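Please look at the sequence and the three-dimensional structure shown here. The paragraphs that follow lead through selected parts, beginning with a pair of aromatic rings.

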Amino acid sequence: MTEPKQPARRSRGATTKSAAKPSSAEPASAKPAATRTTAAKPAAAKLASAKPATAKPAGAKPAAAKPAAAKPASTKTATPKPKIAKPIPATSGPRTIWISGASGFIGTAVVRVLRTRGDAVIALVRDVRRAQDLIDMGVTVLEDDLLDVDRIAESMRDVDAVIHSAGSYRVGISRGERGAMWDANIGTTTRVLDAAEAARAPRIVYVSTVGVFGNTKGQVVDETYRRNVREGFLGWYDETKFGAHEVAAQRAHAGAPIVFVMPSQVYGPGDHSSIGAQLALAHAGKLPYRALEGVGLGFVHVEDVAAGIVAALDTGATGRSYVLSGPRHRLGEALAVAARLGGRRLPRVALPDGALRLMVPVGRLIGQPNLREVVSSSAGVTYWASNERAARELGWRPRELEDGLRDTFEALADRAYTRS
């Protein structure tokens, strides 16, 4: 990859157009259009004045991301050695860290770790009204929709590292929502990496997912595992996150200073996922029925994920991936733990996977526009991966599920008491 010249310094409030070309791994049919940006009044003392236009994803179905050089395989295969494999130790004193997705579930936890130890943080968010917690932590908040490469690069100028954690996580979306998710996962990753290259960011942490491995079929895999892409994908989220990972991997192989982290099923206070909702209902004794209990997940507390991301930022080897997976459990086991901690019992009613498959055609009638994707992503599927490399090289250790769920429900109870 040819290193671009240092872009001329300019005001963050200036009107700009993106001119950077996307990675070759990006499907041509879903290329997002460049947008103009306009200045906006600051919302807080630390809020910059840039406020770009709102993204409007195209309604056409985008092409799936297909890496040019990936060779599918159904078993473990050796991966090329990274061009730079030496861990980079943390520098002395506070640093300036740029982060996307800072107002999200994982991003907020990462920012809290960085600010607690004294690092300066620049956070780009889509809606500053959702960023009051970040502002209260002393974060420099920029309202930006991550559509303009030049604009993103300007915000990265002179930072010590970049963390890209923004993305879209939803399973069971309608066909009309696919374009937006493609851009949120593949398009945004491409633009952020283009901007980091233009800004000459010395270090990049890309937050991927163990979902890149696909269905591990009961195996506990590690970072050398490669899924057989000929078997297809489990859903649109699965496909777009795989494509985004391949975009980042292509850059890393070309010499970009990227460290990969791959969290598994993240839970904790503030978790709004469907899994988090089921755990909360089980703990409260309000779960109406049990379904898709056989899906195998690695449950990892959000604070442990944040600690792992910062550890990778400090000492991870560039070009290397680190699985941040917690203890492995079937969903039914996790629900039973949550119910026991709440002094409750799980409901007796359980929907077999076969019954859910029969309900696919009428999914819309029960509020699920794409029940087929929900079932294909969960029924009999395992997302199991080993965290041995992260433990060995980063000194990372996640808490056990029971301890993590107890911490979660105690934190939620404390918040409820504080608000009352």
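At 27% relative accessibility, Phe 233 counts as partly exposed, whereas Phe 242, at 6%, counts as buried. These terms rest on relative accessible area: buried means under 20%, exposed over 50%, and partly exposed in between, with a 1.4 Å probe and protein chains only. The model is a predicted one, in which local features need pLDDT of at least 70 and side-chain atom pairs count only at pLDDT 80 or more, while totals for chains, interfaces and linings use all residues. Residues are numbered from 1 along each chain as its sequence is written, and side-chain values use heavy atoms, with hydrogens and water left out.

How many aromatic pairs does a search of the whole structure find? The search finds five. Rings of Phe, Tyr and Trp (its six-membered ring) pair if their centres lie within 6.5 Å; planes under 30 degrees apart count as stacked, over 60 as edge-to-face and the rest as tilted. The rings of Phe 213 and Tyr 225 have centres 6.0 Å apart and planes at 80°, so this pair is edge-to-face. Both residues lie in the loop between β7 (204-207) and α5 (236-253), so the pair ties together parts that are 12 residues apart in sequence. Phe 213 and Tyr 225 are both buried. For Phe 233 and Phe 242, the ring centres are 5.4 Å apart and the planes stand at 55°, so the pair is tilted.

Attention now turns to β7. Helices (H or I, at least four residues) and strands (E, at least two) are DSSP runs, numbered from the N terminus. From β7, Ile 204 and Tyr 206 point one way and Val 205 and Val 207 the other way, and all are buried. Two strands pair if DSSP finds at least two bridges between them. Strand β6 (residues 161-164) pairs with β7 in the parallel sense over three bridges, and Ile 163 has Val 205 as its bridge partner in β7. Between these two strands the chain passes through helix α4 (residues 178-198), and this β-α-β crossover is right-handed; that is, with the strands pointing away from the viewer, the path from the first strand over the helix to the second runs clockwise. β7 also pairs in the parallel sense with strand β8 (residues 258-263), over four bridges.

Strand β11 (residues 296-301) pairs with β13 in the antiparallel sense over three bridges, and Leu 297 has His 329 in β13 as its bridge partner.

Helix α8 (residues 331-341) has several buried residues, including Leu 331, Leu 335 and Val 337. Just after α8, Gly 343 takes a positive phi of about 70°.

Finally, the confidence of the prediction deserves attention. The mean pLDDT (the predictor's confidence in each residue, from 0 to 100) of the protein chain is 81, and 76% of its residues reach 70 or more. Over residues 1-90, the pLDDT is below 50.

Terms used:
Contact = heavy atoms within 4.5 Å.
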